[in-house]
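Work through the exercises below with the structure in view. Try each task before reading its solution.

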Amino acid sequence: MKNHIIYIIIFCLAAVNFSCDENFDEINTNKVDPTSLSPLFLLNQGIVDMRYRDGFATLQDLSYNFGIVQQIITPFGSSLAGANYNQLNLSNAQPIWQNTYRNALKNIVDAVEKSREDPLRANLFQSARIWKAYAYMVLTDNYGDVPYFQGARGFIDQIVDPVYDTQEAIYNDILKELEEATAALNPANPRVTSEILYGGDPVLWKKFGYSLMLRAAMRLSKVDPVKAQNFVSKAVAGGLIQSNAENAVLRNTSVFNNYLGVHLGAREKANYYLTAPFVNHLKANNDPRLRSIAIRHVGATNGPSQTVARITRDPALQIGMPMGHDDVSINSVLAANGVVSLWDFSQANIYTVLKIDAPQFILTYAQNQLLLAEAAVRGWVQGNAADYYAAGIRANMEQMALYDGNASIPTADIDQYIASHPLVAGRELELINTEYWIAAFLDGSELFANFRRSGYPILQKNPYTGSEITGDFIRSMPYPDSERVVNLANLQEALSRQGPNNLDRRVWWDKP
């Protein structure tokens, strides 16, 4: 009996073991969670990642880029310090690195690799290459040398300590990538309509690619004018964005918010102001865009008193905040500026250009026309520089209506402005790039880049007494401390080429 019971137990255990092994793989395979991601999803995420992703990712533009080019400023220090004091604040100098390199490019590079050999996604592959070029331009223009050829390949090749490439090598490859990818886009290939920038339209992606080539080529105007002219010519021959309807724009909704608008309409509503140089320029030139982009809470004595009832859009009543003050010293110039408190200065309009569903413009017809005006002055393209100049101004003024109907500018006002502001011989580069300064409003990276490249508009040095820079303006962003932890040797090698890791370091194409 005892042995019989033992045999029964052994038989039952064997049966259990057999039943566990049977269909083991099928039973233990997760049929719900994905094991890989579609390149379409990765590209769309990479596109979304290049917008103002959240409140903290907006801080670099608010604390540095907008302040360097003197359009938006804050008198407050501590966590908001940056270009307003010409001081290093690493927490506000690193969000573009974190957002672009760690988030956007991780997805974009993966999208490129996953679509490379797929004939059904041939156009998606080329579009991903173009968007990768755009994202890397933003990154390298802010920081200089960055990991490029080995960059953002941790998932693909397990490269966790990538080499930093020179900005010259990066720009050479960006131009090559834009030339190849844009030419390869084919309307006969399958169209992926759920791509979110242009709905997979290869014709519009092609125009965007050549327009980005124009922008990239113009970056080289001082360091390699021969190559710049060559690629400007290729971009024009390929076909550029030709109207505001073709602008590269990230669209927002009441759910999918413009986070810069959210940030300046909520947490930072009382902290950031339009600058005196920007407002005064628009007022002095009777620029109708001032009514579209500026509001002032007349008589506000603190943040809570910035009520809707106090708002005016009257251009004559707009007062920009002077540069060079903190929240204490600003009180000494209130009376001279005709305001009762720092909260009484003009701000960007959160009901038009910064409402929560306002679009974010990546590259526009207006910017194209102004770059072509400069290229014509340099003799690099056919056509009349004055015509390109006028077309760029008109396009940017008409673009105001795309923010909100209340920001639209009457055609008669546009005509009057253009007629009274011709392109003056001997001042062409100044006038063109000053208009570009206005046309790139709210695109911090592009504002910062074109200001350094062109040297315009003519701005006075921020006179804040606690400045930590040796030159007149900040020239680049310092690398984040996290790079010292994860990639120290390669970072040090890059700094040995470029100079110290501070706000004075010039990027390769930024020449005096």
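The exercises cover a sheet, a cavity and a nonpolar core.

This is a predicted model: local features need pLDDT of at least 70, side-chain atom pairs count only at pLDDT 80 or more, and totals for chains, interfaces and linings use all residues. Residues are numbered from 1 along each chain as its sequence is written, and side-chain values use heavy atoms, without hydrogens and water.

**Exercise 1. Find the order of the strands in the open sheet, and its edges.**

Solution. 
- Step 1. The order is β7-β6-β8, with antiparallel pairing. Strands are DSSP runs of E, at least two residues long, numbered from the N terminus. Two strands pair if DSSP finds at least two bridges between them.
- Step 2. β7 (311–312) and β8 (346–348) each have a single partner strand, so one side of each lacks a neighbour in the sheet.
- Step 3. Strand β6 (residues 294–297) joins β7 through two bridges. Three bridges link β6 to β8.
- Step 4. Now place the residues. His297 has Ile311 of β7 as its bridge partner. Arg296 stands opposite Thr312 in β7 and opposite Ser346 in β8.

**Exercise 2. Which way do the residues of β6 point, and are they buried or exposed?**

Solution. 
- Step 1. Ala294 and Arg296 point one way. Ile295 and His297 point the other way.
- Step 2. All four names are buried, where buried means under 20% relative accessible area, exposed over 50%, and partly exposed in between (1.4 Å probe, protein chains only).

**Exercise 3. Describe the second largest cavity and its lining.**

Solution. 
- Step 1. A cavity is a set of points, on a 1 Å grid over the protein atoms alone, where a 1.4 Å probe fits but cannot get out; lining residues have an atom within 4 Å of a point. The volume is the space filled by probe spheres set on the points, which are joined across faces, edges and corners.
- Step 2. There are seven cavities of 30 Å³ or more.
- Step 3. β6 and β8 each supply at least two lining residues.

**Exercise 4. Which residues have the most contacts inside the largest nonpolar core?**

Solution. 
- Step 1. Such a core joins buried Ala, Val, Leu, Ile, Met, Phe, Trp, Tyr and Cys residues through side-chain atoms within 4.5 Å.
- Step 2. The largest one has 151 residues, and Trp131 and Phe208 have the most contacts inside it.
- Step 3. Beyond four places in sequence, Trp131 is in contact (heavy atoms within 4.5 Å) with residues including Leu43, Trp205 and Phe208.

Technical notes:
1 Å grid on protein atoms, 1.4 Å probe; cavity = no way out; pocket = protein on both sides within 12 Å on 5 of 7 lines; lining within 4 Å.
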